Amino acid sequence: MELRRWTRAIRSVAAVLAAVVIGYLGRGGQADEFLLPDAEGRWSVPSVLVVGRVPANQGTVEIRGAGVLSFDPAGVRTLRPDLFAEGHFSVFDVLVVLAELGHLDLEYAWDEASATHGIVSLNGLSGWWYDARYEGGQFERTVVRMDHYPVKDGMSIRVYLEQPDRLAAIRRSFREEVERRNANGGRVILPEVTLHGPRWTLVAYDVIVEPTGTRSDVLRPEVVTVLDVLLALGRDGVLSSLKLVWHDRLDDADHVDSFMVHALQGGGYETSATKGCMFAHQAGSRGLEGFIVPHSHESSHVHLSADLHALVSPEYVRWTWLCP
Amino acid sequence: MWIVFTNARKRKARLVMTVAGIAIGVATLFALLASSAGIQRGLEREIGGLGAHILLLPVGCPYTLTLALMQGADTLDYIPQDRLTDVRAAHNVRLAVPVVVGRVRVDDEMTPIYGTTDEILQLKRWGIAHLDGAVVGSDVASRLGLTAGSRITLSFYAQHEVDVIRILPRTGGRDDTFVFVPLEVAQNVLALTDELSAVLVQTENVERVAQTRQTLGRLANLQAVPPSEVFDMLVGLFGSMASTLMLITGVAIVVGVLTTMNTMTMAVYERKAEIGLLRAVGATRGDVFRLFVVESLWVSLVAGVLGVGVGYVVTQLLPRTTGFGLAAAPHFSPSYIGICLLVAAGVGTVAAVYPALMAARMEPIKALRAL
């Protein structure tokens with residue numbers, strides 16, 4: 001009799017625990033996936049539902065010739081409050097704080113024509129550029145402005161002297177972006193957006209992109225991101241549906257905290273994520289093509305996720321179906 | 001033969017157009033053959049010129065890293081120099097040559113440098129006993145006006161002055177574009193203390209390369225790649241591009257066949273009276289058939305010779321690169337001329353069969369009505 005009562009009690013507790021776990025997982029599942037347009041036909045993600053982790057752990061930067069320097073995220077304040085939300089900052093901000101702490105001899109300046117901060121000299125030398133990777137990823141030859149690249153915990157940053165011709169091309173592409181934005185009255189209008197599916201290609205021209213504030217936890221709501229380009233294509237009727245999935249981590253990569261495009265439909269085509277395949281983006285300028293290896297990537301690549309990649313006004317954005 | 005030349009003289013415009021149609025196809029074929037052979041030889045020379053049975057590279061894409069090494073571009077990922085001791089201790093390793101590459105200012109001009117040790121002299125015949133100065137490639141020497149005994153300044157992360165001890169004779173390869181300096185000089189200028197871009201490994205027993213590669217590949221922070229694998233991949237990449245070009249050439253040749261066939265058919269209609277007369281004076285169907293085939297063959301061979309000439313000129317104007325940033329001069333072989341002339345003759349023969357048959361089957365009476 002006693003045993004039966006205990007068994008019933010244990011079963012009840014197990015049932016309550018199971019209900020709590022299932023409920024929690026169910027809530028997580030609903031928050032993780034967004035199918036657009038929503039029930040009201042809107043092409044936007046409620047930004048309050050997702051929050052990326054604020055950098056909290058000590059990070060490192062490798063300055064070629066000067067060694068590896070550590071920084072404490074708590075001590076970093078962004079030079080771009082017009083871009084970053086409270087608590088978030090860029091690769092460039094890390095260099096500035098290291099200089100303020102006396103670890104680097106850094107001279108920098110804001111360049112209005114390129115809409116970015118640039119290194120005038122670092123430890124007496126000029127011509128610096130950087131590579132960055134999030135944990136679990138590989139270094140890529142980025143052409144993202146240094147004061148745009150959000151820092152996450154576990155990130156690796158290396159700063160080195162770039163080849164003068166490539167650096168000149170990067171700067172030229174930045175200036176052209178600003179000129180393009182000014183010519184369009186401050187709006188982001190992309191001359192060409194290309195979606196390369198597994199066996200199809202969709203191209204849209206002169207796409208007007210508006211900010212949606214999807215990642216207002218990291219970036220200011222008025223910042224236009226690469227993800228906004230897809231949402232703009234949805235509003236323009238080029239896409240008929242889009243599935244975004246929130247990833248805290250992706251394989252070995254942790255602190256991903258970003259949306260990935262898992263499926264889209266448009267122009268009579270439909271592609272869904274299978275076996276780890278998903279859409280990755282590039283944004284850039286054609287003037288950056290043709291540099292010798294290992295600088296062969298003409299634009300930004302996969303690691304800076306689309307929802308955190310702030311745009312000024314690039315010449316093109318490409319989405320490509322990538323499989324591992 | 002006299003009839004053939006008389007007809008050619010009478011219809012010059014048509015002759016020129018037919019010759020041009022075939023010549024374009026032949027020129028494309030010749031240029032493709034010479035360029036493909038040049039690129040393959042260029043890759044062979046560059047990869048073979050590394051002089052290694054196994055390449056030790058930092059972790060990353062081996063093809064990109066090998067190309068960077070050959071082009072003298074900074075790999076941005078490196079092998080810790082202390083791995084060299086483990087590499088040299090590995091079974092079957094005869095020689096392990098440390099290498100650091102990157103682009104620096106040499107007398108204020110960005111130039112690839114190649115830092116290495118005296119061990120490189122076992123792979124390259126430079127005619128010196130020690131690498132205790134700068135050995136300069138011929139292109140760099142002529143660009144910067146250097147001679148043996150000149151003093152050059154290397155600068156990037158740091159500055160270093162070094163004496164030129166040797167100017168290399170021209171090789172036509174990447175060595176012409178490098179400045180070879182002692183390892184520590186390159187490491188200092190590129191701020192790569194205790195780091196290497198690559199290690200070139202030669203084995204005692206070439207037949208045991210696969211096992212040695214496995215052993216070396218197990219060392220941390222590096223990967224072991226046989227140069228032949230990189231060569232195969234690059235040739236494969238080029239091969240897929242060459243297939244597309246060959247397809248385009250094939251289309252150009254088919255167009256040449258159709259153009260010639262059209263011209264010859266028109267000629268048959270226009271020369272009905274001549275055919276009638278020939279048959280009336282005793283020419284057989286076979287004679288008429290041969291007349292048109294020989295005429296087409298001559299036109300095609302003239303076009304073939306012209307096409308080879310144009311192809312040669314075009315090849316000289318094409319960029320002299322493998323497409324991977326490596327130098328590659330086109331390679332000419334007498335066999336390519338033979339292939340091109342055979343293709344031209346084939347075009348002429350195939351294109352002439354139908355019109356020649358049509359002419360041969362023509363009734364003499366009907367043909368004479370055209371008079």
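In which loop of chain A does A:Asn123 lie? A:Asn123 lies in the loop between strand 5 and strand 6 of chain A.

## Basis of the model

This is a predicted model, in which local features need pLDDT of at least 70 and side-chain atom pairs count only at pLDDT 80 or more, while totals for chains, interfaces and linings use all residues. Residues are numbered from 1 along each chain as its sequence is written, and chains are lettered from A and ligands numbered from 1 in the order in which they are written.

Helices (H or I, at least four residues) and strands (E, at least two) are DSSP runs, numbered from the N terminus. A residue is called buried if 20 or more other C-beta atoms lie within 10 Å of its own, exposed if 12 or fewer, and partly exposed in between, with C-beta atoms placed from the backbone. Two residues are in contact if their C-beta atoms, placed from the backbone, lie within 7 Å.

## Overall form of chain B

Chain B contains 12 helices and 11 strands. Its radius of gyration is 30 Å, well over the 21 Å that the globule rule gives for 371 residues, so chain B is more spread out than a compact globule. The radius of gyration is taken over C-alpha atoms, and the globule rule is 2.2 Å times the number of residues to the power 0.38. Along the principal axes, the C-alpha atoms of chain B fill a box of roughly 95 × 45 × 30 Å.

Of the 371 residues of chain B, 42% count as buried. Among contacts in chain B between residues at least 6 apart in sequence, 82% join residues at least 24 apart.

## Where the chains meet

In the interface, 13 residues of chain B are in contact with 13 residues of chain A. Helix 3 (residues 62-71) of chain B supplies the largest share of the side of chain B that touches chain A, namely 4 residues. That side of chain B has 8 nonpolar, 4 polar and 1 charged residues. Here Ala, Val, Leu, Ile, Met, Phe, Trp, Tyr, Cys and Pro count as nonpolar, Asp, Glu, Lys and Arg as charged, and the others, Gly among them, as polar.

## A sheet and its helix in chain A

Strands of a sheet pair through backbone hydrogen bonds, either parallel or antiparallel. Two strands count as paired if DSSP finds at least two bridges between them. In chain A, 4 strands form an open sheet in the order 3-2-7-6, with mixed pairing. Strand 3 and strand 6 of chain A are the edge strands, each pairing on one side only. From one strand to the next, the twist averages 25 degrees. Strand 2 and strand 7 of chain A pair in the parallel sense over 4 bridges, and A:Val61 stands opposite A:Ile157 in strand 7 of chain A.

Helix 2 of chain A packs on this sheet, touching strand 2, strand 3, strand 6 and strand 7 of chain A, and its direction makes about 95 degrees with that of strand 3 of chain A. Axes are lines fitted to C-alpha atoms, for helices over the stretch in contact, and angles run from 0 to 180 degrees between N-to-C directions. Helix 2 (residues 91-100) of chain A is mostly covered, with 8 of its 10 residues buried; among them are A:Phe92, A:Leu95 and A:Leu98. Strand 4 (106-111) and strand 5 (116-122) of chain A are included in what covers the buried residues of helix 2.

## Another strand pair in chain A

Strand 13 (residues 278-284) of chain A is mostly covered, since 6 of its 7 residues are buried. Strand 13 runs antiparallel to strand 14 (residues 316-322) of chain A, and 7 bridges join the two. A:Ala280 stands opposite A:Thr320 in strand 14 of chain A.

## Loops and backbone features

Most residues other than glycine have a negative phi, and most peptide bonds are trans. A:Asn123 has a positive phi of about 50 degrees although it is not a glycine. With 14 C-beta neighbours inside 10 Å, A:Asn123 counts as partly exposed. B:Asn92, also not a glycine, has a positive phi of about 75 degrees, and lies in the loop between helix 4 (83-89) and strand 3 (93-106) of chain B. B:Asn92 has 20 C-beta neighbours inside 10 Å and therefore counts as buried.

A cis peptide bond, with omega about 0 degrees, joins A:Leu36 and A:Pro37. A:Pro37 lies in the loop between strand 1 (33-36) and strand 2 of chain A.
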